[in-house]
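Thanks for coming. I will take one structure and go through it part by part, with the definitions as we need them.

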Amino acid sequence: MRRNVAIIGCGQAKHGRRTDVNQAELVAEAVWAAIEDAGIAPEDIEAYAVGNMQGFGGIAQPDLIFAEYIGAVGKPMQRVATGGTVGGSTAHLGYYEVASGMYDVVLAVSWEKHSDSAEPGATTGLLHVAFANLSYMMKVGMDMRSFAIMGLAGAAAGISAYQAAQYMARSGCRIEHFDMVAAKARRNAAKNKYAHLKWPNCTADDIAKTEMLIWPMRFGHVCPASDGASCVIYASEEAVKRLGVERPVAWVKGVAAYADEEADQGESYQGTAVSDYSDQTGAVISAIKAYERAGIKDPKKEIDMAEIYAPFPHQELMFSERLGFFDDGMAWKAVEEGVTEIDGDFPICPSGGVNATNAIGSSGMQRVVEAALQIMRKAEEHQIPKDVRNAVAHAWGGQVQFNTVMVLGDSPKRR
Amino acid sequence: MGLIKEKYEKTMQVEGEWNVGAYRYKAPEGYLDEFVRNFKDRKITGTLCRGCGRVYVPPREICARCFKEITEKVEVSQYGEVMAFLVSPPLEKGKVVIAGIDAVQAGFLKEGERVILAMVRFEGTSSSMILPLLNVKPEDVRLGMRVRAVWAEECKGALSDLLGVEPAFDVRFE
């Protein structure tokens, strides 16, 4: 039987280009902020779940050098690495550890320090992911032109660009709707003191003026490569009472994660059966399962807001449909009507989301943090005005096939 | 809190380079050989899963849907459908840098050219390949259009023999 688990504290490092700290200090910034927020002593924490995208920050195993910075010495500490999804997966791991009855108080933190790498993400991260496949393709006669073309639209950004075209065909939306979503992300980020790309009063027209990188994706649609860390502290229902936590907490009502077959090309250039990247079966199944576990029957009515992992604006539209907040192909109409704004009926990414701040490892965890802050009503300037009873935190990554969904609420699920 | 933050305004960058020597990657022996060898005869070969009937191009060894080993090779159509496409702006020097190499400067891509990339599903297959879409203006490309394979003048049995795809014949009511 799963135990009820609450998020009793949240912490974030200031996200952006952080040349004033090293990785250990960046992580520590989020961890100590969370410990302070929870109002507990470091000794109260029984175990640590840590997560980081592998190799994107110039150090392959940064977790090996900072146990003492976060008070983990002499305690269990495990690292998670699931690509872009890692923040979501680490948040799940911390939850599992408390829900299972193994520990009562667990700290989960994940981070990224892109600026440590010469070309953010690319030099040490993407290349080591792609190196084997590229070597193999060269062996069977790939020429340099094809190699260069891959550089033109490769990796997650490349796949996302095809995905944007497929979502347009599926929903009937236009590039202008991507502009609207990106402008909302930058406007909302301007109200969030931890966010990276802030642009107060940014309009869709401002985004439309930015350079077309590769149709249908503009410069203004692309997320930044940020440095940052996000942290949550979980406690069992008993521990919440024992520690005397009196401030509002956010309860984890249900989680689910689903891995799909990799998109486009698998290991050693093998074909895969995923040829519509906008389909995202993994997100659909994760959502259904997480809602079932949370006792949510109608997500459109019962969920009040969501933090979606959307580095590119079409993904906010696509995932908000896959997660059941809008009917298929209808999300862009909701954006036109302002439904997803901070003061709208169904706010999405009031923090500015991943489109405005993307420290990859941190991003999935940051969705959990931001959803929890909305429930605790501690989001300050970007606090949504309406009541938040239930919120969804989503993460996405891998070769577009990993999805995690966490449903948070203002009260524990009664069993 | 941290030492660096308190003592210094910013971190310093330490330049470093380390040749890792050999990197050994274990790839399946020979499964792409036939696929690539048949390019010499301008044929596209896929694998057919007996479990679910899916055809994979490029070939796949184990079907991810039924987890069955796939051994049967099949020739597939030269015609396909554009599942999605991207259009690059006219290329300039310094815009496409991959692994430190400027692709335009090095001559791999032409200055001023607009590359159209298509996600192509060949007829009867369940998978897709990313290929350049040739001999068409960007404004004439649409999602779902029918295309056919374009081969090099002289095919040697290498991945580079398949240059890309181009629009199939357009049949309209007159």
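Which residue in S9(B) is the bridge partner of B:Tyr79? The partner is B:Arg148. Before going on, some conventions. This is a predicted model, in which local features need pLDDT of at least 70 and side-chain atom pairs count only at pLDDT 80 or more, while totals for chains, interfaces and linings use all residues. Residues are numbered from 1 along each chain as its sequence is written, and chains are lettered from A and ligands numbered from 1 in the order in which they are written. Helices (H or I, at least four residues) and strands (E, at least two) are DSSP runs, numbered from the N terminus. Two strands pair if DSSP finds at least two bridges between them.

Let me stay with chain B. Its open sheet of five strands has the order S8-S7-S4-S9-S10, with antiparallel pairing. S8 and S10 (162-167) of chain B are the edge strands, each pairing on one side only. From one strand to the next the twist averages 50°; angles here run from 0 to 180 degrees between N-to-C directions, and axes are lines fitted to C-alpha atoms, for helices over the stretch in contact. As background, strands of a sheet pair through backbone hydrogen bonds, either parallel or antiparallel.

S4(B) and S9(B), residues 146-151, are joined antiparallel by three bridges. Besides the pair I opened with, B:Glu81 has B:Arg146 as its bridge partner in S9(B). On to the next pair: S9(B) and S10(B) are antiparallel over five bridges, and B:Trp151 stands opposite B:Leu162 in S10(B).

Now the interface. Contact between two residues means that their C-beta atoms, placed from the backbone, lie within 7 Å. By that rule 48 residues of chain B are in contact with 45 residues of chain A. On the chain B side, helix H1 (3-7) and strands S4 (79-87), S7 (116-122) and S8 (129-132) each supply at least two residues. S4(B) gives the most, with five residues. The residues of that side divide into 33 nonpolar, seven polar and eight charged. For that count, Ala, Val, Leu, Ile, Met, Phe, Trp, Tyr, Cys and Pro are nonpolar, Asp, Glu, Lys and Arg are charged, and the others, Gly among them, are polar.

Chain A next. It has 14 helices and eleven strands. Its C-alpha atoms fill a box of roughly 65 × 45 × 40 Å along the principal axes. A compact globule of 415 residues would have a radius of gyration near 22 Å, and chain A agrees with 20 Å; the radius is taken over C-alpha atoms, and the globule rule is 2.2 Å times the number of residues to the power 0.38. Buried residues make up 62% of the 415. A residue is buried if 20 or more other C-beta atoms lie within 10 Å of its own, exposed if 12 or fewer, and partly exposed in between, with C-beta atoms placed from the backbone.

What is the strand order of the chain A sheet? Nine strands form an open sheet in the order S3-S2-S4-S7-S1-S8-S11-S10-S9, with mixed pairing. S3 (77-80) and S9 (305-307) of chain A are at the edges with a single partner strand each, so one side of each has no neighbour in the sheet. Neighbouring strands are turned by 25° against each other on average, direction ignored. Within the sheet, S4(A), residues 105-113, and S7(A), residues 227-236, run antiparallel and are joined by nine bridges. One of the pairings puts A:Val106 with A:Tyr234.

Helix H1(A), residues 23-38, packs on this sheet, touching S1 (5-12), S4 and S7 of chain A, and makes about 130° with the direction of S1(A). A:Ala30 lies in that helix and is buried, with 30 other C-beta atoms within 10 Å.

H6(A), residues 175-189, reaches 21 Å from first C-alpha to last, close to the 21 Å expected; the expected span is 1.5 Å times one less than the number of residues. Of its 15 residues, 14 are buried, so H6(A) is largely enclosed by the rest of the structure. H2(A), residues 86-99, reaches 19 Å, close to the 20 Å expected. Twelve of its 14 residues are buried, so H2(A) too is largely enclosed. Just after H2(A), A:Gly101 takes a positive phi of about 95°.
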